[in-house]
Structure formats: C-alpha cells, structure tokens
Amino acid sequence: IHNAGTMTITGGVFDGNSAQIDGGAINAGPSATISGVTIRNTLGSNGIYVNNGTVVITDATFTGNAANDVVKAAGGANVLIEGSRFTGNSVCNVSNSSSTVTIVNSVFVGNTIGGNKGIIATSQGGKTLILNSTVAGNTGAGHGIYAMTSSSKVDIYNSVITDRIKILDSTPVNLYSTVYALTDGDGLTADTNSIQVVASDADGS
C-alpha cells in the first residue's frame with residue numbers, strides 16, 4: 001500500500017510483501033492510523049515506512065520480518081507505536097533517522113539482530129521516547145538500544161531492558177525508573193559516559 005493522503009487501516013494481515021524501496025507492506029505517506037494489523041515475513045524494503053509524515057500504529061504485531069527495518073521513520077516523521085509486539089524479526093525493529101518516535105506499552109522479544117545494529121536504533125538527530133515497554137530476550141551480535149550521533153536523544157521511562165545498549169558519538173541516553181538488568185554479561189558500551197541513570201534499578205550501566 002502506498003498512501004499519498006490520509007489513510008486508516010484497521011485489522012488485516014500483510015504477509016510476504018516486498019518492494020524495491022520505501023515500504024514492503026505499507027508506505028504510510030503524510031498521515032496514517034494503523035491499528036490491529038499483523039505484518040509478517042516482509043522480505044524487501046521496510047514493513048512500514050514513514051517519511052516526513054504523522055503516523056499512529058496501535059495494537060500491531062510484527063513477526064518474521066527480514067526487510068531492511070521493520071518500522072522506519074525518516075525525514076522528520078512523527079511516529080507513535082503503542083500496544084504493539086515485535087517478535088521473531090531478524091532486522092532492526094524500529095529505525096529512527098532524523099524523526100520523532102514514541103514507543104508505549106510495547107514488547108520487543110525473541111528477535112535476532114546483527115552487529116552494529118539495534119532492535120531500536122536512533123540516528124541523525126532522531127528523538128526516541130520509550131515508555132512502559134520491554135526490550136528483552138533478543139539475540140545476535142547487535143544491541144537492544146543503539147544510539148548514534150550526538151544530535152540524537154533517547155529517553156526510556158518505566159521500562160525493562162535486558163539487552164545491550166550501544167552508544168556512539170556521545171548520544172544522550174537517559175533511563176528513568178527503568179530496570180536495566182543484563183542477561184549476557186556484555187553490557188553498555190559507549191565512546192563517552194553519555195548515559196544517565198535517573199531513579200532506576202540498573203545493573204551493568
């Protein structure tokens with residue numbers, strides 16, 4: 001689906017889709033509300049692609065995707081992901097490049113991520129806010145939270161993180177009332193001490 005205006009999707013399964021660029025299942029366009037969908041087995045481009053649009057994603061399930069990124073926000077997009085589940089994916093689950101992404105009451109478990117990548121990745125001045133969510137039990141040489149470029153920012157509130165956090169270029173990453181309990185003994189890596197733990201239960205930071 002390629003949206004050029006305002007779009008609402010309620011329910012439905014997107015299975016085995018691919019594209020050369022910009023959204024294997026959904027190119028969300030300038031304005032979209034996407035609720036109750038399952039996006040699985042996407043093979044090319046992204047599951048949902050948002051470029052300079054405003055998109056709300058609720059109660060969605062993303063599983064088995066091997067596209068470039070499962071959800072990609074770019075070009076100043078504003079994306080809310082709420083009440084959604086990401087599991088069994090083998091690429092970056094949420095990629096935020098120069099955009100604003102808010103993740104609420106969502107779960108990222110049982111995914112696989114390669115080196116120099118993250119389950120949730122923020123770069124190029126992107127701002128990512130994670131609330132009441134879980135990033136745990138993911139495997140591979142990559143990281144749970146991957147923060148790049150000093151102009152970016154990641155704030156995590158009331159969440160559980162048991163996967164590695166990787167910081168480059170002094171990107172500010174702030175944990176508030178968040179459990180950061182590592183399970184594999186390979187924890188926070190940063191080029192500088194740019195993580196701030198505020199009123200958190202943290203182990204390994």
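Trainee: Which residues touch the most other members of the largest nonpolar core?
Mentor: I26, I34, I48, I57, F62, V71 and I145, out of 46 residues in that core. A nonpolar core here is a set of buried Ala, Val, Leu, Ile, Met, Phe, Trp, Tyr and Cys residues joined through side-chain atoms within 4.5 Å. Buried means under 20% relative accessible area with a 1.4 Å probe, protein chains only.

Trainee: Where do the coordinates come from, and what is counted?
Mentor: This is a predicted model, in which local features need pLDDT of at least 70 and side-chain atom pairs pLDDT 80 or more, while totals for chains, interfaces and linings use all residues. Side-chain values use heavy atoms, without hydrogens and water, and residues are numbered from 1 along each chain as its sequence is written.

Trainee: What is I57 in contact with?
Mentor: Beyond its neighbours within four places in sequence, I57 contacts I34, I48, F62, V71, V79, L80, I81, E82 and S84. Contact means heavy atoms within 4.5 Å.

Trainee: Switching to secondary structure, how many helices and strands are there?
Mentor: The chain has 0 helices and 26 strands. These are DSSP runs numbered from the N terminus: H or I of at least four residues for helices, E of at least two for strands.

Trainee: Why is β15 largely enclosed?
Mentor: Strand β15 (residues 118–123) has 6 of its 6 residues buried, so the rest of the structure largely encloses it.

Methods. Buried means under 20% relative accessible area, exposed over 50%, partly exposed in between (1.4 Å probe, protein chains only).
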